[in-house]
Amino acid sequence: MLPAYGGGSLADVLPSVAGALSVPGEQNTLGLPPAPRYAVLLLDGLGWNLLRRNADLAPYLSSLTGRALTSGVPSTTAASLTSLGTGLPPGAHGIVGYSSIVPETGALLNALAWDKPVDPRIWQPHRTVFERIAAAGVATRNVSKARFDTSGLTAAAFRGSAHRGADTVDDRLDATRFASREGSSSLVYVYDSQLDYTGHGQGCESWQWRKELAAADTFAQRVRSSLPRDAVLVVVADHGMVDVQPDNRIDLDADPALLNGLRLIGGESRFRHLYCVDGATPDVVATYQERLGDQALVLTREEAAGRGWFGPVEERVSPRIGDVVVASLGSIALVAGQRFPQEAALIGLHGSLTDDEMAIPLLIDEGF
């Protein structure tokens, strides 16, 4: 699956909301209903295919008017949330994966943890959609866990929205209820991570995940009930998920041939950025293509960009993409057990280009 940047991707959601809110200069490319108030609920990890396969467990979500969008590439939280917040593909906003190289230092930046001294406003310099909406006089709020208030990812993706820390379901509902009634026009963004957390640990085919889907369905309905009558609720996700069993994981740290020519391993197990020593890129491509066959796409940076995976790639962003990019297509994962032991133990995974990972829902409840 290729990302549908420009009219059918996650990056098109907030610009369309802005258009529906009558913000000057914004285009409602997704055709959202005009309204003075909007709430956007993002359920982390709720793939379109997962929702359709488990529709009986999510009667409210399944009853809504909806369609499938695509995430960007890679189909992972840090890149997707920044595309949502900026309205831009990863090649423009610059967060090209779960982790990527800082070209100036050679360090590996984990974009979720923001664990390196990198200024998020320089790393992602573009004006966010939240900033544009707030500048038009719309009360703009971001409801998520309190610890996210000071994170680098929040500054990169959501600056311009006032953060409302809410660590429990009831706290999130209370914050949403209050924020959605501010001013004469409002936008509230609400984030919930529990489906993704459960899928990573237990698998998205597990009974635990299905139980969490039912809880997410109830939460979404309660979010709708907390909103004023003139508000529209939009439910989206950042990516889907697939389960990969332990015997289908290839441990790069345990295979010297797969480490030969590498100076740094980034990305995640379904979408690897491989940073090579000078001159080693052709050999790394050949080695990985021979080892993985039709189980993965193994491309150079230029080839991946040429296929439009990241959208138009800005010059400052290009070096952050791996010299070699490996996108898993089969039921495999490229783990690195010594470098990233926690990731190597996960069951539910995402990041690559399969329909199960990239197709996400756009669900609308007009509430009238």
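Where is Ser 22 found? In this predicted model, Ser 22 sits in the loop between helix H1 (13–20) and strand S1 (37–43). Its phi is positive, about 65°, although Ser 22 is not a glycine. Most residues other than glycine have a negative phi, and most peptide bonds are trans. Ser 22 is exposed, with a relative accessible area of 59%.

Trp 114 is found in the loop between strand S4 (107–110) and helix H6 (120–123). Its relative accessibility is 11%, so Trp 114 counts as buried, the cut-off being under 20%. A further backbone feature involves a proline. The peptide bond that joins Val 73 and Pro 74 is cis, with omega about 0°. Pro 74 belongs to the loop between strand S2 (65–70) and helix H4 (77–86).

Helix H4 itself is largely enclosed by the rest of the structure, because ten of its ten residues are buried. These buried residues are Thr 77, Ala 78, Ala 79, Ser 80, Leu 81, Thr 82, Ser 83, Leu 84, Gly 85 and Thr 86. They pack against H1, S1, helix H5 (90–93), helix H7 (129–135), helix H8 (152–158) and S7. Gly 87 follows H4. The phi of Gly 87 is positive, near 75°.

Helix H9 (residues 169–179) buries Arg 172, Leu 173, Ala 175, Thr 176 and Ala 179. These residues cover an arc of only 165° around the axis, so they lie on the same side of H9. An α-helix has 3.6 residues a turn, so residues three or four places apart point the same way. The cover over the buried residues of H9 includes strand S5 (139–144), strand S6 (162–165), strand S7 (186–192) and helix H11 (207–226).

The packing of H9 on H11 was examined next. Their axes come within 9 Å and cross at roughly 30°. H9 is therefore roughly parallel to H11, as angles under 35 degrees count as roughly parallel. The crossing of H9 and H11 is right-handed. On the H9 side, the contact is made by Val 169, Asp 170, Arg 172, Leu 173, Thr 176 and Arg 177. H11 contributes Phe 219, Arg 222, Val 223 and Ser 226.

An open sheet of four strands has the order S11-S12-S14-S13, with antiparallel pairing. S11 and strand S13 (296–300) are the edge strands, each pairing on one side only. The twist averages 20° from one strand to the next. Strands of a sheet pair through backbone hydrogen bonds, either parallel or antiparallel.

Within this sheet, strand S11 (residues 262–268) pairs with S12 in the antiparallel sense over six bridges. S11 and S12 form a hairpin, with two residues between them. Leu 262 has Cys 276 of S12 as its bridge partner. Gly 266 stands opposite His 273 in S12. S12 is also joined to strand S14 (residues 324–328) by four bridges, and these two strands run antiparallel. Here the bridge partner of Leu 274 is Val 324 in S14.

Strand S12 (residues 271–276) is largely enclosed by the rest of the structure, because six of its six residues are buried. In a regular strand the side chains alternate between the two faces of the sheet. Both faces of S12 are covered. Phe 271, His 273 and Tyr 275 are buried on one side. Arg 272, Leu 274 and Cys 276 are buried on the other.

Helix H13 lies across S11, S12, S13 and S14. H13 runs at about 170° to S13. Leu 292 is in helix H13 (residues 281–292). With 6% relative accessibility, Leu 292 counts as buried. Leaving aside its neighbours within four places in sequence, Leu 292 is in contact with Ile 250, Val 298, Val 326, Ile 332 and Leu 334. Leu 292 and Ser 328 are 36 residues apart in sequence. Their C-alpha atoms are 8.9 Å apart in space.

Technical notes:
Residues are numbered from 1 along each chain as its sequence is written. This is a predicted model: local features need pLDDT of at least 70, side-chain atom pairs count only at pLDDT 80 or more; totals for chains, interfaces and linings use all residues. Side-chain values use heavy atoms; hydrogens and water are left out. Buried means under 20% relative accessible area, exposed over 50%, partly exposed in between (1.4 Å probe, protein chains only). Two strands pair if DSSP finds at least two bridges between them. The arc is that of the directions from the helix axis to the C-beta atoms. Contact means heavy atoms within 4.5 Å. Axes are lines fitted to C-alpha atoms, for helices over the stretch in contact, and angles run from 0 to 180 degrees between N-to-C directions. Angles under 35 degrees count as roughly parallel, over 145 as roughly antiparallel, 65 to 115 as roughly perpendicular and the rest as oblique. A crossing is left-handed if the near helix is turned anticlockwise from the far one by less than a right angle, and right-handed if clockwise.
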